[in-house]
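Biologist: I would like to go through the charged residues of this protein. Please show me the model before we start.

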Amino acid sequence: MSTSHEFIVSQELALSEKQVNSTLALLDEGATIPFIARYRKEVTGSLDEVQIAAIRDRIQQLRDLDKRKEAVLKSISDQGKLTPALEEQVKTAETMAILEDIYLPYKPKRRTRASMAREKGLQPLADILLAQDKIDLDEAAADYIDAEKGVNNLEEALAGARDILAEQIAEDAEVRSHARKILMEKGKFVSRVVPGKEEAALKYKDYFEWSESLKDAPSHRVLAMRRGEKEELLYLDVDVEEEQVLPGIEKQYIKAKNSSSEQVELALLDSYKRLLKPSMETEVRVLTRQRADEEAIKVFADNVRQLLLAAPLGQKRLLAIDPGFRTGCKTVVLDAQGNLLENTAIFPHNGSGGMAEAEKTIKHLVTKYDVEAIAIGNGTAGRETEDFVRKLQLSNVTVVMVNESGASIYSASETAREEFPDYDVTVRGAVSIGRRLMDPLAELVKIDPKSIGVGQYQHDVDQGKLQNALDDTVISCVNAVGVELNTASKQILAYISGLGPALAQQIVNYRKENGPFKSRRELKKVPRLGDKAFEQAAGFLRIRNAEHPLDASAVHPERYALVEQMAKDLKVSIEDLMKDDSLRKQVNLRNYTSEEVGLPTLNDIMAELAKPGLDPREKFESFSFTEGVNKISDLKVGMKLPGIVTNITNFGAFVDIGVHQDGLVHLSQLANHYVSDPHEVVKVQQQVMVQVTEVDERRNRISLSMKTEDKGQRKRSDYRETGKSDQGKREQGNRSHGKGNHGRREAEPETDMASKLAALASKFK
């Protein structure tokens, strides 16, 4: 009897079968992960988004396996070769690899040496050899000499029989399983430079003569070697010693010691070298690629999450500058809602005249619009522009450097053209920089996550899987924060649970035609927004100053009656309940539990009543780079500098210290203790204190450290004093940013041979 998918998943994820069944039912009904995690805790047993996504993905794998089994059974049946035993084998195959091994002998293929030998009538001779009985081999083979069939002598007959045996051995499911296991455990990546391309392949120098265990190779090195191979600069092989694989196969196939077994042994060696080893190498390359992709995608998704959830400045009147030397600095003024009020260009770097005029313009705009903050892009001329603005000593104005990765992508996008049809890309880029300071999440959702400058080797991994992971991440972040219904762009609304681009556009259209929404229930008047979409979306949409006080909170409309009953029982209004902590303490939650509503939901409701619509993101903290350190030549070994983490890979973190080239804090230099995952220590956009340990101006590489000098005084702070890195320079090139106006290189291979970063294997492989 086959085991249910739900049972399999419950065992693998250490969940109850009821939790898996309930979650699957919700997913199959069209419920989104954020909605299930937030508003159906009683149904799932309070599963979080990660657990729900794991159930969804694993069930999909098992369903895909079922579909493949159906196709395999049909194919074998159509050939007239399906037996009850074979059918049972197919139906009970637990993985795709096992299933494909079973199917391989029956899989339609082009003519092979073995198929041609069978056409010559040599299958019976192969069977005789495989039996390995003590016989007169010449006499047995002589019966199969047939010039008309192309078998002219004894050797041709035996060679044909060996070809049949070689294919049979290579397609044996047990043999393949054994070879796969040995190769994964004992195999190595072997990399060498393509002769004559040493100069062109300098960025892969440490892979010119390189060997590394398959099971220990971290994802970034696997992807680096594969990129070098793709660029035809490296030869990359998967290798294993024959002595480690062959004994297990010989034990299965060599049953005697005679002339027949000698033929089987020859066939076995041929099978391994010509068929099995190349096939297994290809398969293992795919498996290690999948493993590397999964780890790289996880790193990328984690970084994107941190970037999207970076602290917002909030609704402030601000001036934003997209810096430049020759073409000047495009300058815009935005109101507190991010609307463009005015734009101009200043030239503070074009001599004293340009500087004086720029100073006059900035001061005029700050006064005219009562500007509260100035956002300056961190690209070309960014530090110089920041120095210029800070020297103006504008009172009560916060000056902030903003990571502008992806701003140029946005400014040339259809979204930007739709928002600002009458302005050129420079104005749009400056607006994006300003809005990114106000609310990183609201602005970054307009840009393809692959263009916002975090991750490792994102262009080399499976793009479909990457996109799915990033979509999940963006959806999770948007719904975790929630959006203001009356000001949200259609881009961010599209990520709200249950909506999507079409309904997001309908909401915007309705808003334009009818004015601001006065209540959540008014959403039901939006064309094509039905009850299911309303159920999924309503809790994540906020309305300030709405008719119902709970419309500004994350309390779902389906629970309004419950809160109203609480207030009624206390003889107060909902507003009173939200304002007065002493009243909330009088509520006995157990009095309001039911089959549908338990303590998890009630606790969430009480938390929302205390702080309705609370933004889960951290509070914005001002930051400035060290004055006078603007370029790499200003750096000296031993300098301690403030910086901002811009990217995290599984070999370390990149930190912007204000010199147009990020420095690398190698994994070994992130803390005084052992760190297996950089995300345990740092996060994207975190403010840190680093120490310069090495500067290579020629290669434009900077090595940094975050180790504390006094191990006994480690503080829980975003700033950390640091020591010296010996290895950071070797991995500096593994940067995921494209080379643009940020002065950052495309990703290069990480090359620290000493680090032993464990590659995270797929949970279900």
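Predicted model: local features only at pLDDT ≥ 70, side-chain atom pairs only at ≥ 80, totals over all residues.

Biologist: How many salt bridges does the structure hold?

Modeller: Side chains of opposite charge can pair when their charged atoms come close. Here a pair counts if a side-chain nitrogen of Lys or Arg lies within 4 Å of a carboxyl oxygen of Asp or Glu. The number of salt bridges in the structure is 53.

Biologist: What separates lysine 91 and glutamate 87 along their helix?

Modeller: The two residues form a salt bridge, with the closest N and O atoms 3.1 Å apart. Lysine 91 is partly exposed because its relative accessible area is 46%, and glutamate 87 is partly exposed at 27%. Both lie in helix α6 (residues 84–92). They are four residues apart, so the separation is about one helical turn.

Biologist: Glutamate 171 forms a salt bridge with lysine 109. How many residues apart are they?

Modeller: In this salt bridge the closest N and O atoms are 3.1 Å apart. Glutamate 171 is in the loop between α11 and α12 (173–186), and lysine 109 is in the loop between α7 (96–103) and α8 (113–119).

Biologist: Is glutamate 171 buried or exposed?

Modeller: Buried means under 20% relative accessible area. Lysine 109, at 41%, counts as partly exposed. Glutamate 171 has a relative accessibility of 11%, so this residue counts as buried.

Biologist: Which residue forms a salt bridge with glutamate 283?

Modeller: Glutamate 283 lies in helix α15 (residues 259–308) and the partner lies in helix α12, so the pair ties together parts that are 107 residues apart in sequence. The closest N and O atoms are 3.5 Å apart, and the partner is arginine 176.

Biologist: Asp136, Asp138, Glu139 and Asp143 form a surface patch. Is aspartate 143 buried or exposed?

Modeller: The patch is negative. Aspartate 143 lies in the loop between α10 (137–142) and α11 (154–170). The cut-off for exposed is over 50% relative accessible area. Aspartate 143 has 64% relative accessibility, so this residue counts as exposed.

Notes: Residues numbered from 1 in each chain as written. Heavy atoms only, no water. Patch = residues over 30% accessible without salt bridge, like charges linked within 9 Å, V, L, I, M, F, W, Y side chains within 5 Å. Areas by Shrake-Rupley, 256 points an atom, 1.4 Å probe, with all protein chains shown as cover. Lys, Arg positive; Asp, Glu negative; His and termini not counted. Charge placed at Lys NZ, Arg CZ, Asp CG, Glu CD. Helix = DSSP H or I, 4+ residues; strand = E, 2+ residues; numbered from the N terminus. Buried < 20%, exposed > 50% of the residue type's maximum accessible area, 1.4 Å probe, protein only.
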